[in-house]
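Visitor: I am new to this one. Please show it to me, and tell me what the names rest on.

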Amino acid sequence: MSDHQQDTTVANPVIAGFHPDPSVCRVGADYYLACSSFEYFPGVPIFHSLDLVHWTQLGNALDRPSQLRLPSDTPASAGVYAPTLRHHDGRFWLIVTNVSDGGNLLVTATDAAGPWSDPVRLPGVPGIDPDLAWDEDGTCWCTVAGVAQVRLDAHTGHAFGPPRRLWSGTPGATAPEAPHLYRIGDHWYLLIAEGGTERAHSVSVARGDAPTGPFEPCPANPILTHRGLDHPIQNTGHADLVQGPDGSWWMVLLGVRPGGGTPGWHVLGRETFLAPVSWVDGWPVVGDLSPVLPAPPWPLHPGPVPPDRDDFDLGELRPCWLSLRDRPANHYTTKERAGWLSLHARGSGLDDPTVVFLGRRQQHLSCRARTLIDPAEGVGGLAVRLDEEHHYEIEATDGEVRVLARIGPLRTVVAAQPTPTGPIVLGVEITATRELRDARSGPDSISFGIERADGTFTALSTLDGRYLSTEVAGGFTGRVIGLYARAGAVHFDWFDYGPLDH
């Protein structure tokens with residue numbers, strides 16, 4: 001057993017950055033997890049783990065245009081909501097909502113890494129947050145936000161009758177959603193989220209003798225919430241349960257890590273956290289949920305660490321890369337120049353929903369990114385994006401670099417500097433706020449600049465990070481850092497991302 005396997009604590013979140021609405025299942029010794037992806041393509045990242053702590057992205061369930069249609073007018077925080085991932089009868093089943101194209105759909109795979117099937121459309125399943133569960137005789141039950149249920153033929157998508165209300169949730173709580181139905185012991189358990197996905201978010205549970213109910217609510221509901229608490233993890237909810245090989249139970253759920261002063265701003269989006277679960281009098285009791293979590297009682301298995309630098313030397317892009325709404329090959333290619341990513345503009349910039357943008361989730365509160373860009377044939381650069389109306393970027397033309405900021409209706413050039421023609425290294429450094437100046441201190445600062453040949457980073461401008469937060473912009477996503485083309489063709493030799501040492 002290695003020293004790493006002997007660790008008694010692990011870091012929470014277990015999947016950092018914009019990875020909301022986690023759904024988990026176990027197959028033998030392996031765990032698999034799926035998350036929401038909203039307006040980004042490809043959709044629904046799929047992760048694998050051997051210990052519930054260290055997760056490796058295998059791919060994306062919706063990675064073809066035939067599976068995922070996001071029209072060019074799809075607004076930010078629309079698109080793909082809240083999947084449920086299950087393994088049944090030798091196959092993986094993933095049910096999810098595309099609120100921008102036809103509602104609920106179902107895809108399957110024999111290998112979680114894919115390929116996943118073309119979708120089965122589910123016109124008889126309304127609403128969002130669909131769940132799948134099978135009873136002992138093989139009947140499939142689909143439960144949706146509300147909380148309502150319909151019997152479903154998962155192979156054809158046919159729903160048998162209209163949805164039937166199962167449970168209205170906790171009296172006085174709003175937004176009963178994210179249902180998951182399980183057979184555990186002698187009972188069927190219905191786990192839901194309540195209170196909305198903001199500070200009042202919570203997890204409640206009910207149980208019954210049949211998958212159709214009636215359901216008796218837990219007297220201790222909500223079984224998890226951080227509302228009203230001075231806790232570093234907030235907005236806790238949208239949970240899913242999984243049993244370990246030793247019989248122990250665990251919960252994955254979303255939460256956020258607000259920073260800065262009042263009211264607190266979260267910038268990475270809703271992240272995936274892990275908590276232990278025990279059972280008392282037939283009800284689940286959620287244990288410690290903190291930034292440092294007691295390790296599960298089995299050997300840890302750290303997976304391969306993704307490289308900080310992507311040299312774009314593979315035949316296809318790594319699964320962590322996201323584009324906006326689609327990814328046509330004539331606008332995104334690594335084949336035009338060997339070892340380079342070439343982006344061909346079709347929009348007018350990051351304000352345009354059709355912009356050619358390729359990014360990855362910000363996963364560290366303090367981090368840095370660099371890219372070597374050749375802007376000789378166009379205009380483009382390095383951006384930190386929350387949505388079309390909230391983004392900062394450093395942009396290069398052949399002979400000038402400038403920093404731009406878009407905050408709601410305001411867009412301005414913050415700084416500009418002439419540069420020699422030819423390729424140039426652009427950079428961004430994000431530093432979390434450690435000491436508050438006053439109650440209005442933002443969560444972090446974002447510096448844009450140029451890296452010189454000797455490795456020195458020269459900042460052109462430093463901006464307040466609060467304006468790229470959910471509390472300012474609204475919505476359900478988190479920051480994405482990446483590359484874009486505003487005009488012509490822009491070529492990138494490499495992209496490097498990692499935590500700031502300090």
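Guide: Start with the strands: a strand is a DSSP run of E, at least two residues long, and strands are numbered from the N terminus. Pro13 sits in the loop between strand S1 and strand S2 (23–27). The model is predicted: local features need pLDDT of at least 70, side-chain atom pairs need 80 or more, and totals for chains, interfaces and linings use all residues. Numbering runs from 1 along each chain as its sequence is written, and side-chain values use heavy atoms, without hydrogens or water.

Visitor: What makes the bond from Asn12 to Pro13 stand out?

Guide: That peptide bond is cis, with omega near 15 degrees. Another cis bond joins Gly114 and Pro115, where omega is about 5 degrees. Pro115 is in the loop between S9 (103–109) and S10 (120–121). Most peptide bonds are trans, and most residues other than glycine have a negative phi.

Visitor: Is the phi of Leu52 positive or negative?

Guide: Positive, at about 70 degrees, although Leu52 is not a glycine. Leu52 lies in the loop between S5 (43–49) and S6.

Visitor: Why is the pair Arg385 and Glu39 called a salt bridge?

Guide: The term needs a side-chain nitrogen of Lys or Arg within 4 Å of a carboxyl oxygen of Asp or Glu. Here the closest N and O atoms are 3.3 Å apart, so the pair qualifies. Arg270 and Asp21 pass too, because their closest N and O atoms are 3.6 Å apart. The structure holds 31 salt bridges.

Visitor: How do you know that Arg270 and Asp21 link distant parts of the chain?

Guide: They are 249 residues apart. Arg270 is in the loop between S21 (249–256) and S22 (271–280), while Asp21 is in the loop between S1 and S2.

Visitor: What makes domain 1 and domain 2 separate names?

Guide: The bounds come from an automatic or database domain assignment. That assignment gives domain 1 (9–294) and domain 2 (309–499). Their centres, taken over C-alpha atoms, are 31 Å apart.

Visitor: How do you know that domain 1 and domain 2 are in contact?

Guide: Contact means heavy atoms within 4.5 Å, and 35 residues of domain 1 meet that with 40 of domain 2. Two salt bridges are counted between the domains.

Terms used
Helix = DSSP H or I, 4+ residues; strand = E, 2+ residues; numbered from the N terminus.
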